[in-house]
Amino acid sequence: MRDLKIFSGNSHRKMAEEIAENLEIPLSKADVRKFSDGEIFVEIKENVRGHDVFVVQPTCTPVNDSLMELVIMVDALRRASARRITAVVPYYGYARQDRKNAPRVPISAKVVAEMFMAVGVRRVLCMDLHAGQIQGFFNIPVDHLYAAPVILEYIREAFGENVIMVSPDAGGVERTRAFAKRLNSGLAIIDKRRDKPNECEAMHVIGDVNGKTAILMDDMVDTAGTLCAGAETLLANGAKEVHACCSHPVLSGPAIERLNKSPLKSLVVTNSIPLREEAKSCKKIKVLSVSQLLADAINRIHNEDSVSSLFV
């Protein structure tokens, strides 16, 4: 791996360090800072000419700063003659704006993809996209990983066999069905009505959850309104207890307050996004690491091996 280099912005340096440690290489040096007026400055501190470079940067809060750090760093690496630049984006910001659902609105997920390609990204490695079709916004290779192997292992060890996987809405049925199939468990769906953005009302449960440990499955948890309302509905329908599993802990606004007050026993998330201090103090949140999974993917991409065996 003499020509492999791992760089990171400020969004999730800890994950980049874990990935580099798993690959048994040092994290490469870059100076990423802000000027007094808020402009971002990047300086690459080592030679990258002819190297295979991976930039680890989830575009999470602060979303726009994280995004600008990434594209500016890629531009600096391209101008320093890096052979290939891969953006490792465990959490893809703006992914929920993936289509025109009203007149005169943007498709921001496409705008972000265009930015990546314009500055010189030649491959993207991401995890649990909000909509898999976002891969089609890129004209370059996209490796779309899933946190499923890590989450499935935890569910088997922590909850045993008397579980039922629950989709919090109709849009997540395919994802939840895949988990239920691998766990050989039942499947239920919550019929949800959403009146305003970030506000929802859970109506009723499709499927039998009576006497079972219900596990809500989603790709991300933002304000936690969906999960908390879903937990109350499941308990009202006879579930023994309710847990939730999500890949991306966005946890914005009143999320932590809602989780603390909710009947949810636990919320299992990955480290695709670093937890805020308030979230770290929430005893219900359990964080699983996907650093090894990303390190395996980076190693295979670098060595031109197949990555498909990681797409569980």
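Mentor: Before we start, a definition: buried means under 20% relative accessible area, exposed over 50%, and partly exposed in between, with a 1.4 Å probe and protein chains only. This is a predicted model, where local features need pLDDT of at least 70, side-chain atom pairs count only at pLDDT 80 or more, and totals for chains, interfaces and linings use all residues. Residues are numbered from 1 along each chain as its sequence is written, and side-chain values use heavy atoms, with hydrogens and water left out.

Trainee: OK. Which residues of α9 are buried?

Mentor: In α9, Ser291, Leu293, Leu294, Ala295, Ala297, Ile298, Ile301 and His302 are buried. Helices here are DSSP runs of H or I with at least four residues, strands are runs of E with at least two, and both are numbered from the N terminus.

Trainee: What do those buried residues pack against?

Mentor: They pack against β1, α1 (13-22), β4, β5, β6 and β7. Contact means heavy atoms within 4.5 Å.

Trainee: And how does the helix lie on the strands?

Mentor: Helix α9 (residues 291-302) lies across β1, β4 (52-56), β5, β6 and β7, and runs at about 160 degrees to β6. Axes are lines fitted to C-alpha atoms, for helices over the stretch in contact, and angles run from 0 to 180 degrees between N-to-C directions.

Trainee: How far does α9 reach from its first C-alpha to its last?

Mentor: It has 12 residues and reaches 16 Å, close to the 16 Å expected at 1.5 Å a residue. The expected span is 1.5 Å times one less than the number of residues. After α9 comes Glu304, with a positive phi near 60 degrees.

Trainee: Now the sheet. What is the strand order?

Mentor: The order is β1-β4-β5-β6-β7, 5 strands in an open sheet with parallel pairing. Two strands pair if DSSP finds at least two bridges between them.

Trainee: Which strands stand at the edges?

Mentor: β1 (4-8) and β7 (142-145); each has a single partner strand, so one side of each is left without a neighbour in the sheet. Neighbouring strands of this sheet are turned by 20 degrees against each other on average, direction ignored.

Trainee: How many bridges does β4 have with β1, and how many with β5?

Mentor: β1 and β4 pair over 5 bridges, and β4 and β5 pair over 5 bridges. Phe7 has Val55 as its bridge partner in β4, while Asp52 has Arg84 as its partner in β5. From β4 the chain crosses through helix α2 (residues 63-79) to β5, and this β-α-β crossover is right-handed. Right-handed means that, with the strands pointing away from the viewer, the path from the first strand over the helix to the second runs clockwise.

Trainee: Is β4 covered or exposed?

Mentor: Mostly covered, with 5 of its 5 residues buried. Asp52, Phe54 and Val56 point one way, and Val53 and Val55 the other way.

Trainee: What about β5 and β6?

Mentor: Strand β5 (residues 84-89) and strand β6 (residues 123-127) pair in the parallel sense over 4 bridges. Ala87 has Val124 as its bridge partner in β6.
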